[in-house]
Amino acid sequence: IAALALAALSVAAMVRAGPWYDEFFTLHVTRAGQPFLAHFTQHWLADNHPPLFYALARATAWLGSEVEPRRLLNLAFLALAVAGLYGMTRRLGDGPLVAALTGLGLAGNIEIIDKAAEFRSTYLAMAAVALAVAALAVLARPHARPARPRRDFWLVTAALALALNVHFVTSVLVGAIALAFALRLALAGDRAGTLRIIAALAIAALPLLATTAIQLSRIEANTRSFWITGGLDAARWAIQGPVEMALAANWPIAFLGIAGIALMAAEAWHQ
């Protein structure tokens with residue numbers, strides 16, 4: 001029910017919201033008629049983000065030449081996130097409860113509905129991060145002995161690869177989260193699990209490293225004269241902005257999350 005409500009509100013936002021500059025740019029570089037290779041080399045690799053979203057947007061060029069119908073691509077990302085989260089939570093003993101709480105938390109996040117009304121990579125980034133964190137939480141447990149370790153390894157790798165190759169800010173955040181899970185396994189003395197997560201992260205990062213190696217000179221040229229002054233302060237704001245957005249998007253969820261972290265910290269200190 002929560003997923004259907006979220007889908008309905010998202011579609012309403014897609015239809016009603018007016019387009020803005022970045023969406024027109026996406027529409028221009030993913031329009032039908034231009035050869036795929038020309039799109040890839042001239043536009044996608046020249047942007048300041050990985051090219052995955054543009055490739056997916058180009059595949060849906062048949063939706064038309066206006067921004068609003070092209071936003072329907074976000075429904076596919078929503079379906080992917082719902083199916084993935086459901087599949088992950090089924091593997092937990094308290095799976096139905098976890099699925100229900102996760103669904104309600106996401107459906108009550110105003111930023112998810114707001115970003116659904118954008119023909120940009122932000123919505124895919126949010127869906128991909130949700131999948132990556134769920135995969136790590138379910139499949140990267142200390143000293144777990146999965147029935148199908150190879151399948152679980154590639155599930156985590158695929159989830160990380162999707163999240164790492166959408167938006168550079170997302171790449172930094174998800175990489176840090178994956179390393180935190182690896183550290184957790186290392187502190188628990190699970191050497192094999194630690195190596196598995198590091199290996200999954202390394203494999204998942206290969207497409208990002210390959211495209212970034214090609215894009216780096218273009219990105220450097222794009223940002224040499226930019227509206228944001230470069231430096232560590234700008235880098236901090238790039239991370240702080242999404243974190244604050246996530247905390248402010250649903251205050252009850254934020255409060256419960258902070259309270260849960262405090263309880264976990266108190267228990268860890270006691271132990």
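Colleague: Where does Asn165 lie?
Modeller: Asn165 is in the loop between H10 and H11; helices here are DSSP runs of H or I with at least four residues, numbered from the N terminus. Bear in mind that this is a predicted model, where local features need pLDDT of at least 70, side-chain atom pairs count only at pLDDT 80 or more, and totals for chains, interfaces and linings use all residues. Residues are numbered from 1 along each chain as its sequence is written, and side-chain values use heavy atoms, with hydrogens and water left out.

Colleague: Is Asn165 buried or exposed?
Modeller: Asn165 counts as buried because its relative accessibility is 8%. The cut-offs are under 20% relative accessible area for buried, over 50% for exposed and partly exposed in between, with a 1.4 Å probe and protein chains only.

Colleague: And what is Asn165 in contact with?
Modeller: Pro50, Leu52, Ser171, Ala204, Pro207 and Leu208, leaving aside neighbours within four places in sequence. Contact means heavy atoms within 4.5 Å.

Colleague: Switching to Thr122, which helix is that in?
Modeller: Thr122 belongs to helix H9, residues 122-139. With a relative accessible area of 25%, Thr122 is partly exposed. Its C-alpha is 7.6 Å from that of His167, 45 residues apart in sequence.

Colleague: Now Arg70. Buried or exposed?
Modeller: Arg70 is buried, because its relative accessibility is 1%. Arg70 is part of helix H5, residues 67-70.

Colleague: What's around Arg70, then?
Modeller: Beyond neighbours within four places in sequence, the contacts of Arg70 include Leu27, Thr30, Arg58, Gly64 and Phe119. For Leu27, 43 residues apart from Arg70 along the chain, the C-alpha separation is 8.2 Å. At Gly64, the backbone oxygen is 3.3 Å from a polar atom of the Arg70 side chain.

Colleague: On to the holes. How many cavities of 30 Å³ or more does the whole structure have?
Modeller: The search finds 2. On a 1 Å grid over the protein atoms alone, a cavity is a set of points where a 1.4 Å probe fits but cannot get out, and lining residues have an atom within 4 Å of a point. The largest cavity has a volume of about 150 Å³, where volume is the space filled by probe spheres set on the points, joined across faces, edges and corners.

Colleague: Which residues lie nearest the centre of the largest cavity?
Modeller: Leu139, Ala140, Phe153, Arg196 and Ile197, out of 15 lining residues. Helix H10 (149-164) and helix H12 (191-222) are the elements giving two or more residues to that lining.

Colleague: What lines the second largest cavity?
Modeller: Asp47, His49, Pro50, Phe53, Tyr54, Arg120, Ser121 and Val166. The volume of the second largest cavity is about 50 Å³. Pro50 is also one of the contacts of Asn165.

Colleague: And the second largest pocket, what volume does it have?
Modeller: About 220 Å³; a pocket is an open set with protein on both sides within 12 Å along at least five of seven lines. Helix H6 (73-89) and H10 each supply at least two residues of the lining of the second largest pocket, and its residues include Leu80, Met88, Arg91 and Leu155.

Methods:
A polar contact is a pair of N or O atoms within 3.5 Å; within protein, one must be able to donate a hydrogen and the other to accept it, and residues adjacent in sequence count only if both atoms are side-chain atoms.
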